[in-house]
Amino acid sequence: MLVNASEFLKKAYEGKYAVGQFNINNLEWTKAILEVAEEKKSAVILGVSEGAMKYMGGFDVVVGMVRGLDKDLKITVPVALHLDHGTYQGAKDAIEAGFTSIMFDGSSLPIEENIEKTKEIVALAHSKGISVEAEVGGIGGEEDGVVGEGELADPKEAKQVVDLSVDFLAAGIGNIHGVYPENWKGLNFDRLSQIREAIGDVPMVLHGGTGIPEEQIKKAIERGVSKININTECQIVFTSATREYFENGKDKEKKGFDPRKVLKPGYEAIKDKVREKIDFFGSENSAN
């Protein structure tokens, strides 16, 4: 059931749990995530970066694949198809193609330009019933070739952006994309508290969920982080399971070279990882 993410993230905020955003890269990833969300009776967000969108063939291909799987797998839980770190034009294109949720990432722009463009995207998206995530303070690490050092968002700027009627906010609190370095300082909970005080009851988003210690994620959820993005962990387990398939010579057994067999271990590994995260975030049975 494709919906925007606004209502189920408000429910998560009020219930002090989080809904996972799991990025998709192909049909196997999408199918695995949807099947586990249905099994766990949890709302779920399918994240699509513009790089992954291009890899899969374009916005219309992604929308068609997700809507087709949602229908044919008889998914009953709420599913948001969400543009991750969208550019200004990418956000417009995703809205036109039929995404149900949009992130416009203007965090690298001067705050005045971020506000101006976010305001326009919010008006366009809301006119079509689409939820909007905005960002202040850069998220560190690398996302589709864009490298950020990781910044602490300014609470005043966070309030300025939230006042544009965005549905949920990504704010830099020391988190990064990808694998965390050994000298990472951890999440800045003082800054998180300052941002929370400034923006009121708007759900917050934690990008770069892979590698953050569990106790820090729990603490963030207790403080109103209602959406946590997972991508790198799924990539790691998918790659590891696929590598093991070849190292064990499975491709040489019977018709082991069939791509459906080759991709199955990675597909099952993603399902296991999504189950683990839904349990940890506390969203199981939240769709009931």
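View 1. Packing here is contact (heavy atoms within 4.5 Å), and buried means under 20% relative accessible area, exposed over 50%, partly exposed in between (1.4 Å probe, protein chains only). Helices (H or I, at least four residues) and strands (E, at least two) are DSSP runs, numbered from the N terminus. The model is predicted, so that local features need pLDDT of at least 70 and side-chain atom pairs count only at pLDDT 80 or more, whereas totals for chains, interfaces and linings use all residues. Residues are numbered from 1 along each chain as its sequence is written, and side-chain values use heavy atoms, with hydrogens and water left out.

View 2. Helix α4 covers residues 59–72, and its 14 residues reach 20 Å from the first C-alpha to the last, close to the 20 Å expected at 1.5 Å a residue; the expected span is 1.5 Å times one less than the number of residues. Its buried residues are F59, V62, V63, M65, V66, L69 and D70. Seen down the helix axis, these buried residues fall within an arc of 165°, so they line one face of α4; the arc is that of the directions from the axis to the C-beta atoms. The face turned away from the buried side carries D60, K71 and D72, which are exposed.

View 3. K74 is not a glycine, yet its phi is positive, at about 55°. This residue comes just after α4 and lies in the loop between α4 and β3. At 65% relative accessibility, K74 counts as exposed. H85, likewise not a glycine, has a positive phi of about 55°. H85 is placed within strand β3 and, at 15% relative accessibility, counts as buried.

**View 4. L2 in the segment before α1.** L2 is found ahead of α1 (6–15) and is buried, with a relative accessible area of 18%. Leaving out residues up to four places away in sequence, L2 touches V66, R67, D70, V79 and T100. Of these, V66 and D70 are among the buried residues of α4. L2 and T232 are 230 residues apart in sequence, and their C-alpha atoms are 24 Å apart in space.

**View 5. F99 and the nonpolar cores.** The largest nonpolar core has 78 residues, and those with the most contacts inside it are I24, V62, F99, I102, L169, I195 and I228. Such a core is a set of buried Ala, Val, Leu, Ile, Met, Phe, Trp, Tyr and Cys residues joined through side-chain atoms within 4.5 Å. A second, separate core of 13 residues includes A43, M103, F168 and A170. Not counting residues up to four places away in sequence, F99 touches F59, V62 and V63, together with V48, L81, H82, L83, A94 and I130.

View 6. Eight strands close into a barrel with parallel pairing, in the order β1-β2-β3-β4-β5-β8-β9-β10. From one strand to the next, the twist averages 25°. Strands pair if DSSP finds at least two bridges between them; β1 (residues 19–23) and β2 run parallel and are joined by three. Axes are lines fitted to C-alpha atoms, for helices over the stretch in contact, and angles run from 0 to 180 degrees between N-to-C directions.

**View 7. Strand β8 and its neighbours.** Both faces of β8 are covered: F168 and A170 are buried on one side, L169 and A171 on the other. β8 pairs with β5 in the parallel sense over four bridges, with E133 opposite F168. Two bridges join β8 to the parallel strand β9 (residues 204–206), in which M204 is the bridge partner of L169.

**View 8. Helix α10.** The 16 residues of α10 (residues 232–247) should span 22 Å, which agrees with the 22 Å between its end C-alpha atoms. Its buried residues are T232, E233, C234, F238, A241, T242 and Y245, and what covers them includes β1, α2, β10 and α11 (259–281). G249 follows α10 and has a positive phi, near 70°.
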